[in-house]
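This report describes the fold of one protein chain. Look at the sequence and the structure before reading on.

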Amino acid sequence: MTALLEVRGISVSFDGFRAINNLSFEIADRELRAIIGPNGAGKTTFMDIVTGKTRPNEGQVLWGENSKSLLRMNESQIARAGIGRKFQRPTVFEDQTVAENLTMALSASRSPFSVLRWKPTQDSVTRVGELATEVGLGDQLGRKSGELSHGQKQWLEIGMLLAQEPRLLLVDEPAAGMTLAEREQTTTLLRNLAEKHAVVVVEHDMDFVRRLDCKVTVLHEGSVLAEGSLDHVTANPQVIEVYLGRG
Ligand SMILES: Nc1ncnc2c1ncn2[C@@H]1O[C@H](COP(=O)(O)OP(=O)(O)OP(=O)(O)O)[C@@H](O)[C@H]1O
């Protein structure tokens, strides 16, 4: 199995504090992976490094079949190379409909020059319908996004990311603020997405991680503490001590 994303020996320090400490791990193509760990473990910093927001002091971040270095690319080049990031808070345009938000995301995935000339076509209308259906909003196309529930806004934003056809989706705490029904639907959505894309989910909610039923990486003090199924990692005494023991 070749890696889609490989981080190799990365470290990052903020004012002498090592937030990421010789971190190495791999994500395979079309893999669903959960990353857990106590507050301050380095989860957000890891995502900042992969997306080019933060530069590591050491190590490599390699992408795709040709192991291209992401460290030589800026944030927009990394996004165009196929890495999409979903932040915790939805940032959809509330005055626009679901269809308008998705249409904008489709046009934004073009180069800066073609965006100027871009007009919705029958193909793009079809694609918007497909994206909405993929994230469970097929019957909400004409609705103002501001009227959607919190969970629906999160799904819309995932749909907007999908418009860019990413190979890897980084998703930060998707379950936060969702109802139980929304959380269950989000699990199904992420599992379905992982049939076509690699999906990395950072999440605190253990029930949610259990339902994802995927390989779990536990970060602690900027390194991998344990990796495997949720049952495997939660049986690890070190994990219990540093993470679960704190409740
Ligand atoms: N820009 C920064 N400047 C200084 N310290 C930082 C910066 N970014 C992160 N840190 C520190 O690095 C450590 C790792 O932070 P990070 O946000 O990556 O952890 P996390 O695992 O995402 O935590 P949480 O679960 O609370 O979101 C923390 O101790 C944090 O205070």
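## Around valine 200

Leaving aside neighbours within four places in sequence, valine 200 is in contact with Ile27, Arg33, Ile35, Leu168, Leu170 and Val171. The model is predicted.

Val200 is also part of the largest nonpolar core, which holds 67 residues. Val50, Leu102, Leu168, Val199, Val200 and Val218 are the members that touch the most others. Helix α6 (residues 150–162) supplies the largest share of this core, with 6 residues.

## The mixed sheet

Six strands form an open sheet with mixed pairing, in the order β6-β7-β8-β3-β9-β10. At the edges are β6 (83–86) and β10 (223–228); each has a single partner strand, so one side of each has no neighbour in the sheet. From one strand to the next, the twist averages 20°.

Inside this order, strand β3 (residues 32–36) runs parallel to strand β8 (residues 198–202), and 4 bridges join them. Leucine 32 stands opposite valine 199 in β8.

Two helices lie across strands of this sheet. Helix α7 (residues 180–193) lies across β3, β7 and β8, at about 145° to β8. Helix α1 lies across β3, β6, β7 (168–172), β8 and β9 (215–220), and runs at about 150° to β7.

## The antiparallel sheet

Another open sheet has 4 strands in the order β2-β1-β4-β5, with antiparallel pairing. Its edge strands, β2 (17–28) and β5 (68–69), each pair on one side only. Strand β4 (residues 58–63) is joined to β5 by 2 bridges, and the two run antiparallel. Leucine 62 stands opposite serine 69 in β5.

Helix α1 (residues 43–50) packs on this sheet too, touching β1 (3–14), β2 and β4. The direction of α1 makes about 65° with that of β2.

## The chain as a whole

The chain has 10 helices and 10 strands. Its C-alpha trace spans about 55 × 40 × 35 Å along the principal axes. How does its radius of gyration fit a compact globule? With 247 residues, such a globule would have a radius of gyration near 18 Å, and the chain has 18 Å, which agrees.

Buried residues make up 41% of the 247 residues. Of the contacts with a separation of 6 or more, 65% join residues 24 or more positions apart.

## Confidence

The chain averages a pLDDT of 91, and 93% of the residues score at least 70. Where pLDDT is low, predicted coordinates should not be read in detail. For the complex, the predictor gives an ipTM of 0.93 and a pTM of 0.92.

How values were computed
Residues numbered from 1 in each chain as written. Predicted model: local features only at pLDDT ≥ 70, side-chain atom pairs only at ≥ 80, totals over all residues. Pairing = 2+ DSSP bridges. Contact = placed C-beta atoms within 7 Å. Axes fitted to C-alpha atoms, helices over the stretch in contact; angles between N-to-C directions. Rg over C-alpha atoms; globule rule 2.2 N^0.38 Å. Buried ≥ 20, exposed ≤ 12 C-beta atoms within 10 Å, placed from the backbone. Core = buried A, V, L, I, M, F, W, Y, C linked by C-beta atoms within 7 Å. pLDDT = per-residue confidence, 0-100.
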